[in-house]
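Here is a short briefing on one chain and the interface it forms.

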Amino acid sequence: MHRTLLQSLILLVVALIPTVVAGVWHPNRPSWQIDALEEGEVTLAEVRGWLQPILWIDARPAEAYEARHLPGALLLNEDDWEGLIEPVLLAWQPGPPETRMVVYCDSALCDASREVALRLREETGWEEVYVLHGGWAVLAEEVK
Amino acid sequence: MKIRWLLLLRVVIGGFFVWAGTLKALDPAGFADAIVGYQLLPHAGEVAFALYLPWLEIVCGVALIVGRLSHGATGILSALLVVFIVALVSAWWRVLDIECGCFGSSVEAGVYLWPIARNTALLVGLSVLMLMHQAIDKKEPNTSA
């Protein structure tokens, strides 16, 4: 047991050396800063500051939506676009003030929210469609 | 005969971790994105994990293959596998549609059963290694691997 712990400690320390090198010089190292916003993305804090009505769109799979979602959010994803778009069209109000739509998927990693937002803009001509930076990961705390 | 099996098991499991670690080490930013999907760590923890874990896997994998510090490597890799399995089950339970991140960032999203089964099989393999190490140590108390 003592030998296993000592060997583990040596291995943990040895692995630190290339880790530090990669952290400083690797051309594809991750940033210690939170990712900057991409075009069309908004933070939750920004959304909370808006005065316009907001329509939340959940772009995750139906089973994830059914398990938990932001109250009032409507499900819309590429799996069943034709079946899901109608409630979204009915809920959208042309204004003034025009309803702003905010689309979210699981996290900063997923692309579903960007794809849904893009398709919404292309098919409807609405400009006020945004993607929530960080997705459900930043909303989940509020839905406990 | 037992020594031959021990060597084969060490090379197979060690080789697997060297391979998996190398894929992650080549693209630590992509691996960090995969870790973000699990929603388990603060950002600094995700970055540190993405930089450190691939090299820990490689170092322990090499240790297993060459048969030096293999008790420690077996212990660390077993602990890592338990963490991976818990993270995968947790993501599955929360219905997250994410990539496993097991081999960096290029794995299909939302697939959990196969990575969990594979990690469990590796854990069983490492447990067998530990038992074989213990049996050999009892026989030859002065060996240092």
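Read from the N terminus, the elements of chain A follow the order α-β-α-β-α-β-α-β-α-β-α. That gives six helices and five strands. The model is predicted.

**Chain A on its own**
- Chain A has 144 residues, and 40% of them are buried.
- Take the contacts in chain A between residues at least 6 apart in sequence: 63% of these join residues at least 24 apart.

**The interface with chain B**
- Contacts link 32 residues of chain A with 37 residues of chain B.
- The size of an interface is often quoted as the accessible area lost when the parts come together.
- Here chains A and B bury about 2900 Å² between them. Of this, 70% lies on carbon and sulfur atoms.
- Seven residue pairs are in polar contact between chain A and chain B, counting pairs with both residues at pLDDT 80 or more.

**What chain A brings to the interface**
- Three helices of chain A each supply at least two residues to the side that touches chain B: H1 (2–25), H3 (62–67) and H6 (136–139).
- Which helix gives the most to that side? H1(A) does, with 14 residues.
- By class, the side of chain A that touches chain B holds 18 nonpolar, 10 polar and four charged residues.

Terms used. Residues numbered from 1 in each chain as written. Chains lettered and ligands numbered in written order. Predicted model: local features only at pLDDT ≥ 70, side-chain atom pairs only at ≥ 80, totals over all residues. Heavy atoms only, no water. Contact = heavy atoms within 4.5 Å. Buried area = accessible area lost by both parts, 1.4 Å probe. Polar contact = N/O pair within 3.5 Å; in protein donor to acceptor, adjacent residues only side chain to side chain. Helix = DSSP H or I, 4+ residues; strand = E, 2+ residues; numbered from the N terminus. Nonpolar A, V, L, I, M, F, W, Y, C, P; charged D, E, K, R; others polar. Buried < 20%, exposed > 50% of the residue type's maximum accessible area, 1.4 Å probe, protein only.
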